[in-house]
Amino acid sequence: MRALICHAFGPIADLQVETVPVPEPGPGEVRVRVEAASLNFPDALIVQGLYQVRPALPFSPGAELAGTIVAVGEGVSDWRLGQRVLSFCGHGGFAEQAIVPAAQLLPLPEGMDMDTGAALVLTYGTSLHALKDVARLQPGETLLVLGAAGGVGLAAIEIARDLGARVIAAASSAERLALCRQHGAHELIDYSREDLRRRVEALTGGQGAQVVCDPVGGALTEAALRATAWRGRYLVVGFASGEIPRPPLNLALLKERQILGVFWGDAVRRDPAQHALNMRQLAEGVVQGRLNPFISERLPLQGARDAIARMAARQVVGKVVVRPQEPAGDGRR
């Protein structure tokens, strides 16, 4: 089979599509024919050795996938051959076939296509966990989303609106903000040319945002923290900017603000029942048309390395889906 292989932690340019043996599932595992696998920011970190998890080498990146079960290992009784599934597997998705622990599988909901299934789990799962489980976002509250045109950002916009909140989307260009508007943002801030804190205060009558969702980090963190309301909740989701910020902690004291970490992957491990409940909620939202994962590109396996590099450079909007079964091609769709 073909797979994108990482032989050593280092430059993204070192990744290569290679022909490798088809893996066999061990006890408690299944083998999935991968129909679609989506790109996420951790994919750019994990191949460089910059992520908190380091898989055994060599490995294939690709943290989430959708496909069909083609083999089951010893002790697997809840899954059958031919079943359509999706999974947040952590790595392995950028390959024609992947080994996935049975415990990390979910059935692909009826009425959902493979591309959407592959684009749903990590970004929408993270955003729903952040807003519902961690921040306890309430109807009528205002949410500020940084990096709002990215996968997590667009998911946060749609989920927050579905929860009854008012959404202020902040991004770096008019084109990205137009996309945020299409996905339900009520107000827009172009932080490449506007003062983030002052615009949030103007849009909230000086009160500030009750919740901030920040998957970016970096230079905007302090301004966004200053723009939160009394007892506002600041969600630390990730550091797509590449910079871990160090805001003055007196900002938390002055308005009794809360700085809350969001580690969705570990939350799934610690509370699988809540994760299953959240995924059912997300699937229902997609099937009913309230949630709409935005897939900006669909690429063959040969295009995955370039997409990872563009993700690292923050040149990706929405979700990129890799289709390992498709022959190599030059165009993006």
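Let me start with Arg54, which lies over the face of Phe9 at 4.9 Å from the ring centre; a charge is said to sit over a ring if NZ of Lys or CZ of Arg is within 6 Å of the ring centre and within 35 degrees of the ring normal. Please keep in mind that this is a predicted model, in which local features need pLDDT of at least 70 and side-chain atom pairs count only at pLDDT 80 or more, while totals for chains, interfaces and linings use all residues. Residues are numbered from 1 along each chain as its sequence is written, and side-chain values use heavy atoms, with hydrogens and water left out.

How many aromatic pairs are there? The count comes to two, where rings of Phe, Tyr and Trp (its six-membered ring) pair if their centres lie within 6.5 Å, and where planes under 30 degrees apart are stacked, over 60 edge-to-face and the rest tilted. Phe9 and Phe59 have ring centres 6.1 Å apart and planes at 45 degrees, so this pair is tilted. Phe9 sits in the loop between strands S1 and S2, and Phe59 in the loop between helix H1 and strand S4, so the pair ties together parts that are 50 residues apart in sequence; helices (H or I, at least four residues) and strands (E, at least two) are DSSP runs, numbered from the N terminus. Phe59 is buried at 5% relative accessibility, whereas Phe9, at 25%, is partly exposed; buried means under 20% relative accessible area, exposed over 50% and partly exposed in between, with a 1.4 Å probe and protein chains only.

In the pair Phe88 and Trp264, the ring centres are 4.8 Å apart and the planes are at 65 degrees, so that pair is edge-to-face. Phe88 belongs to strand S5 and Trp264 to helix H8, 176 residues apart.

Now to helix H2, residues 114-134, whose 21 residues should span 30 Å and whose end C-alpha atoms are 29 Å apart, which agrees; the expected span is 1.5 Å times one less than the number of residues. H2 is largely enclosed by the rest of the structure, because 19 of its 21 residues are buried.
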